[in-house]
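Hi everyone, thanks for coming. Let's look at this one together on the screen.

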Amino acid sequence: MTFFEVFCGNMLSVSMEMIFYLAAARQLFGRIPFKNRKHLWNIIGALLAYLLYFALAATIFLKSGLFSWPHNGGEVIISYAIIFGLMLVLKTSYQKPFKVCLATSVFMRILYDVGWNLADVCTPDRFYNLSIMSDRRAYLFFEWILLPMGFCAVILLLNKTNSRELFRQWEEQKPKTGVLVFLGLYPILSQTIQEVVDISAREMGYNPATSVIFLLIVYMIFIYTGREGIQQKRIEDQSVSLSQQGAYIENLEGLQREVRKFRHDFKNMMSGMYLQAEEGNLEALQNYIHEMTEDFDLQVGSQIRLMNQLANIRVTEVKGLFLEKMKTMQEEEIHWELEVLKPFESTRIRSTDL
């Protein structure tokens with residue numbers, strides 16, 4: 001095959017790989033947060049640069065025989081180049097820290113190897129002589145049928161294992177240097193394990209168990225670090241929730257004290273009203289009732305109106321949050337009003353994120 005034919009074939013192969021990496025990144029990070037048109041063009045530019053660069057690099061490596069280096073040295077170099085390219089694409093797209101992008105790019109490379117090995121299990125032949133038409137057809141069947149099926153299986157695995165939540169917890173813990181060093185050595189360690197596990201790896205160029213082993217190790221790292229983050233987050237959430245509920249209970253106790261106080265004063269007020277009525281002083285009686293009403297509004301009425309509004313908030317965490325903020329505003333003498341005209345029974349935001 002000519003250089004141009006190989007380059008065109010590599011363009012198609014790298015394009016399919018890029019689609020897989022983008023699908024994996026969406027499972028791990030969610031949708032790309034497009035900020036503006038400039039950000040969109042930067043992403044498109046990064047993807048095109050990745051596509052052209054690696055299609056050209058793979059073509060040069062193949063035609064110059066670099067893929068035939070001992071211990072798959074050419075494959076190791078290409079793997080590092082892909083990891084570095086993916087890191088830049090992730091940084092441009094999601095604008096995450098470089099450490100997170102590096103760890104994610106290695107993880108996606110491991111996922112790619114797993115998908116590739118899943119597809120290769122279904123093929124009886126591991127080597128293809130592209131100069132022979134039958135081998136070329138078998139190779140195209142592998143590239144465009146079996147390989148996408150293997151990639152789809154990996155994406156489905158990410159979706160079913162709730163990888164996004166696990167990755168989010170791990171990201172909040174911030175990747176440790178030791179983990180990054182281990183992940184950065186993946187291409188070299190992978191080749192070393194291949195040759196240790198299977199003596200024929202020098203001829204076959206891979207061992208299916210290697211990428212699976214690394215995938216399990218990386219998942220264990222994510223689960224362990226993510227579990228620490230989950231436990232710490234639960235402790236913080238419980239502390240905030242208790243604080244909000246304490247503010248709610250404190251407000252209820254304050255209302256109860258005001259009602260008891262007003263109940264004691266109410267008897268005296270009624271006695272005064274009786275004396276005013278007995279003396280026939282209607283104007284004084286009206287003024288007395290007006291003062292008593294104002295006292296009621298001042299002591300209890302405003303609290304009752306507030307509690308009636310809060311009664312429409314059926315989510316305890318939200319109610320506690322409002323009370324906490326209202327207490328702060330009262331201490332700082334900030335004027336505020338609260339109206340909840342309809343029952344508030346649910347929110348799209350998780351209670352732990354309030």
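Let's start with a crossing: helix 4 and helix 5 cross in a right-handed way, meaning the near helix is turned clockwise from the far one by less than a right angle. Helices here are DSSP runs of H or I, at least four residues, numbered from the N terminus. A word on the source: this is a predicted model, where local features need pLDDT of at least 70, side-chain atom pairs count only at pLDDT 80 or more, and totals for chains, interfaces and linings use all residues. Residues are numbered from 1 along each chain as its sequence is written, and side-chain values use heavy atoms, with hydrogens and water left out.

Back to our pair. Helix 4 (residues 98-121) packs on helix 5 (residues 133-160) at about 125 degrees, with the axes 8 Å apart. That makes helix 4 oblique to helix 5, as angles under 35 degrees count as roughly parallel, over 145 as roughly antiparallel, 65 to 115 as roughly perpendicular and the rest as oblique. The axes are lines fitted to C-alpha atoms over the stretch in contact, and angles run from 0 to 180 degrees between N-to-C directions.

Now, where does His39 sit? It lies in helix 2 (residues 37-64). At 5% relative accessibility, His39 counts as buried (under 20% relative accessible area; over 50% is exposed, in between partly exposed, with a 1.4 Å probe and protein chains only). Leaving out residues up to four places away in sequence, His39 touches Pro33, Phe34, Thr92, Ser93 and Gln95, with contact meaning heavy atoms within 4.5 Å.

Lastly, just after helix 1, Gly30 takes a positive phi of about 90 degrees.

Methods: Helices (H or I, at least four residues) and strands (E, at least two) are DSSP runs, numbered from the N terminus.
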